Amino acid sequence: MAERAQYEELLRQFSAFGAVKRELGRILPSDCPSGSAAVLTLLGRHGAMRMSKLSELLSVDMSVTSRHAAHLAERGWIDRSPDPADKRSRILHLTPEGVALLEELSERTAQLLADRLGDWSDDEVAQLIVLMTRLRASFDDCRAPARLPPPALAPTTRTPANT
């Protein structure tokens, strides 16, 4: 098991990772914020789905998912069609314009990573992928509340009055 100092350094690195995420966000078109890009990515990866499933995959409330879906639909990047199994629900799917945008975003991201990691070997990039995948798996379902141990109960002393 790692030492406490290593975990503290790891936490500092997690905090500093925000700079990487911000730079990745800068390559997005101005009308496609990161939440919208995440929706496009999930629809591209998993195919058409209900809003409830998308909300679960995004780990956000349905109201947030609904705002993202409305933003994308207004731009013609997704369609929202009634779910044949439940007319109250909507099925979201990419439009051809959404597919084209997703391909553009993928190209931009790949180019940025190639630029920043150009001095990394293929093995180092593969190792990073393996370790990040393992880290995510170690946290199991990040949407679930943290499993903290129950608080320690103070020892009780028995007196004749409370026995």
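Is P29 buried or exposed? I began my notebook with that one, keeping in mind that this is a predicted model.

**Entry 1: P29**
I found P29 in the loop between α2 (18-26) and α3 (34-46). Its relative accessible area is 17%, and buried means under 20%, so P29 counts as buried. Next I looked up its contacts: leaving out residues up to four places away in sequence, P29 touches L101, L105 and R108. I also checked P29 against E104: they are 75 residues apart in sequence, and their C-alpha atoms are 9.9 Å apart in space.

**Entry 2: salt bridges**
How many salt bridges does a search of the whole structure find? The search gave me nine, and I looked up a few of them.

**Entry 3: E9 and R12**
This pair forms a salt bridge, with 3.0 Å between the closest N and O atoms. Both residues sit in helix α1 (residues 4-16), three residues apart, which is about one turn of the helix. E9 is partly exposed at 33% relative accessibility, and R12 is partly exposed too, at 48%.

**Entry 4: R116 and E23**
Here the N to O distance is 2.2 Å. The pair links distant parts of the chain, for R116 is in helix α6 (residues 96-116) and E23 in helix α2, 93 residues apart. I noted E23 as partly exposed, at 24%.

**Entry 5: K53 and E56**
My last pair is a salt bridge at 3.8 Å, N to O. K53 and E56 both lie in helix α4 (residues 51-58), about one turn apart.

Notes: Residues numbered from 1 in each chain as written. Predicted model: local features only at pLDDT ≥ 70, side-chain atom pairs only at ≥ 80, totals over all residues. Heavy atoms only, no water. Helix = DSSP H or I, 4+ residues; strand = E, 2+ residues; numbered from the N terminus. Buried < 20%, exposed > 50% of the residue type's maximum accessible area, 1.4 Å probe, protein only. Contact = heavy atoms within 4.5 Å. Salt bridge = Lys/Arg side-chain N within 4 Å of Asp/Glu carboxyl O.
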